[in-house]
Amino acid sequence: MKTIVIANQKGGSGKSTLTVHLAAAAEAAGDGPVVITDTDPQGTAGDWFNQRKKAGLATPRYAPLALSELATKLKALDAAGAAYLFIDTAPSVGAVNAELFAAADLILVPLNPTPADLRALVKGLPLIKKSATPFSFVLARVRPNLRNNDGTAMALDALGLVLPTRMHERVIYAETFAHGKTAVDIDPSGVAATELASLWQSVKHRLNENEKMVILESEKAA
Ligand SMILES: Nc1ncnc2c1ncn2[C@@H]1O[C@H](COP(=O)(O)OP(=O)(O)OP(=O)(O)O)[C@@H](O)[C@H]1O
Ligand SMILES: [Mg+2]
């Protein structure tokens, strides 16, 4: 099982929206079983799942997670056959997220391409880097044709990896927490579902790259 933590200490950067949509895109690509969990006391992803159940949709699955049982829970989900675990997090920096970062295979940082969001990143990035877990930025809530977009992408490239697919500002994403459905369920061949499918492929590619690096390093050490 691969564990993907979605984090950015900036509130409202699109963590929960990215979590549920990417998880749905992974299921739609046939890469399930996918499980979502949530360490945010706001419980956005958990609420979303309850809405989803009421709408008659059973995947991706949801599993509650207490940080005190992180290691055993990851083992249990892996043993139960989960392929990917997505962990949504609270908008905070600190010891809680440090533990999650260390346990993850990849950290995804959704970032709105605005100068204010870039400045806020300065506080959160050191903890992510300290974990030594691979991370990637996802440009999120992108409004087309803003000059900020390419400038932010270039600045982020200097800090680490930016995934090539951007998640745009779309009404279909904004509505998901009202009814528990994602753009993937509502309009599977629409522009949002298409950008999500592409984003999921680039996340998988990033995970595979990391795996190859680990194998190379362990061969070097042997
Ligand atoms: N790509 C998008 N297009 C349109 N609306 C979006 C998009 N991403 C997020 N939103 C909206 O922005 C708000 C904040 O998004 P979300 O809850 O995903 O952020 P968050 O980082 O999880 O917030 P918090 O830090 O409070 O947990 C929500 O109302 C959501 O519907
Ligand atoms: Mg959230």
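Guide: A definition comes first, for use further on: a salt bridge is a side-chain nitrogen of Lys or Arg within 4 Å of a carboxyl oxygen of Asp or Glu. Note too that this is a predicted model.

Now the site. Ligand 1 sits in the largest pocket. Two elements give two or more residues each to the shell around ligand 1: helix H1, residues 15-28, and helix H7, residues 171-174. H1 provides the largest share of that shell, with three residues.

The shell can also be read residue by residue. There are 16 residues around ligand 1, and the nearest are Lys15, Ser16, Thr17, His168 and Arg170. Sorted by class, the shell has eight polar residues, five charged and three nonpolar.

Next, the polar contacts. Begin with the backbone of Gly14: one of its polar atoms is 3.0 Å from an oxygen atom of ligand 1. Arg141 uses its side chain instead, where an N or O atom is 3.0 Å from a ligand 1 oxygen. Arg170 makes its contact through the backbone: an N or O atom there lies 3.0 Å from a nitrogen atom of ligand 1. As for cover, ligand 1 taken alone exposes 630 Å², and the protein buries 82% of that.

The structure holds six of them. One joins the side chains of Asp185 and Arg52, at 2.9 Å from N to O. Asp185 belongs to helix H9, residues 183-186, and Arg52 to helix H2, residues 44-54, so this pair ties together parts that are 133 residues apart in sequence.

The backbone deserves a look as well. Most peptide bonds are trans, and most residues other than glycine have a negative phi.

The peptide bond from Gly32 to Pro33 is cis, with omega near 0 degrees.

Move on to the loop between H2 and strand S3, residues 61-62, which holds Pro60.

Ala132 is not a glycine, yet its phi is positive, near 65 degrees.

Note on methods. Residues are numbered from 1 along each chain as its sequence is written. Chains are lettered from A and ligands numbered from 1 in the order in which they are written. This is a predicted model: local features need pLDDT of at least 70, side-chain atom pairs count only at pLDDT 80 or more; totals for chains, interfaces and linings use all residues. Side-chain values use heavy atoms; hydrogens and water are left out. A residue is near a molecule or strand if one of its heavy atoms lies within 4 Å of it. A polar contact is a pair of N or O atoms within 3.5 Å; within protein, one must be able to donate a hydrogen and the other to accept it, and residues adjacent in sequence count only if both atoms are side-chain atoms. Accessible areas come from the Shrake-Rupley method with a 1.4 Å probe; for residues, only the protein chains shown count as cover. On a 1 Å grid over the protein atoms alone, a cavity is a set of points where a 1.4 Å probe fits but cannot get out, and a pocket is an open set with protein on both sides within 12 Å along at least five of seven lines; lining residues have an atom within 4 Å of a point. A molecule sits in a cavity or pocket if more than half of its atoms lie within 2 Å of its grid points. Helices (H or I, at least four residues) and strands (E, at least two) are DSSP runs, numbered from the N terminus. Ala, Val, Leu, Ile, Met, Phe, Trp, Tyr, Cys and Pro count as nonpolar, Asp, Glu, Lys and Arg as charged, and the others, Gly among them, as polar.
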